[in-house]
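Here are my notes from going through the model you sent. Have it open while you read, and take the points in order.

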Amino acid sequence: LLVTAATPYLPTNMLITGAKYTLNDFAFVNAQWSDYTFIAVHKDKPYKTLKELIDAVKANPGKLSTGFTFGSAGQISTMMLLEALGLPANAVRSVTYDGGGPVRTALAGGHIDFSVVQGEGSETIRDFIRPLAVIREARAPEWDAPPINEALKPMGITVPVLSGSIRAMATHASFRKKHQQAFEKLTAAYKRVLENKEYQAWLAANKIDGDWLGPEKTTAVLNANFEILKQYQHLLRK
């Protein structure tokens, strides 16, 4: 069994670092947790809206800093935004970190000017940051910020809405093919666990999603995100 952040790291490994596997090599069981990202600044920074931040980037090319983990949705969304604005990758100073935790620490400490970070994973730094836009189709109940394309309306542009991180369970495709009955038994057991009220309460208490999509919908969602990443893979090479 593989339990991982299937998006974006599996696709970026395939598209950028030359991994030999494809999504077809996996039989996805379920995507339990689909987190989104948002654009945020430290609360003491002067930017109150996304437009104000973008205007500052344009007025000070290469001066403002952002942080992300290489290959993350944060990096890709940042590069997609710069491209949509007609700005080069070096319009901001990019600082890479080893994981989401260090990125959030840098943002909360004011060591970087802005970042695209995980929405649900940033609850611990809520008191130190100001969200400017959520990268979702609609508002997020946890954060007081407009959806990304609503925030971009004054600039007359839009960007694709890329899922921040989709945590999923999978088997090898050959397991499902050769042992269909066992795969179905595993799937049914997983679904029963997610229907358990005590488990759902534990997930909620720990800020972890407990969604049931099932094999077919999970595969469709991951394939759709792969196509977005494939279209914008050139941004990770800059």
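1. Surface first: the chain exposes about 11,800 Å² of accessible surface, and carbon and sulfur atoms hold 54% of that. Keep in mind that this is a predicted model. Of the 238 residues, 50% are buried.

2. On the overall build, the chain has nine helices and eight strands. Its radius of gyration is 19 Å, close to the 18 Å from the globule rule for 238 residues, so the chain is as compact as a globular protein of that length. Along the principal axes, the C-alpha atoms fill a box of roughly 60 × 40 × 30 Å.

3. For the contacts with a separation of 6 or more, 74% are between residues 24 or more positions apart.

4. Now the largest pocket, which holds about 300 Å³ of space. It has 24 lining residues, with Tyr 9, Ser 72, Gly 100, Arg 104 and Gln 118 nearest its centre. By type, the lining splits into nine nonpolar, 12 polar and three charged residues.

5. Which elements build that lining? At least two residues each come from α1 (6-15), β2 (26-35), β4 (65-69), α3 (73-84), α4 (100-108), β6 (114-118) and β8 (165-172). The largest share, four residues, belongs to β6.

6. Have a look at the second largest pocket too, at about 170 Å³. Its lining includes Ser 34, Asp 35 and Tyr 36, the run Val 161, Leu 162, Ser 163 and Gly 164, and also Glu 120, Arg 136 and Asp 209.

Key. Residues numbered from 1 in each chain as written. Predicted model: local features only at pLDDT ≥ 70, side-chain atom pairs only at ≥ 80, totals over all residues. Heavy atoms only, no water. 1 Å grid on protein atoms, 1.4 Å probe; cavity = no way out; pocket = protein on both sides within 12 Å on 5 of 7 lines; lining within 4 Å. Points joined across faces, edges and corners; volume = space filled by probe spheres on them. Nonpolar A, V, L, I, M, F, W, Y, C, P; charged D, E, K, R; others polar. Rg over C-alpha atoms; globule rule 2.2 N^0.38 Å. Buried < 20%, exposed > 50% of the residue type's maximum accessible area, 1.4 Å probe, protein only. Contact = heavy atoms within 4.5 Å. Areas by Shrake-Rupley, 256 points an atom, 1.4 Å probe, with all protein chains shown as cover.
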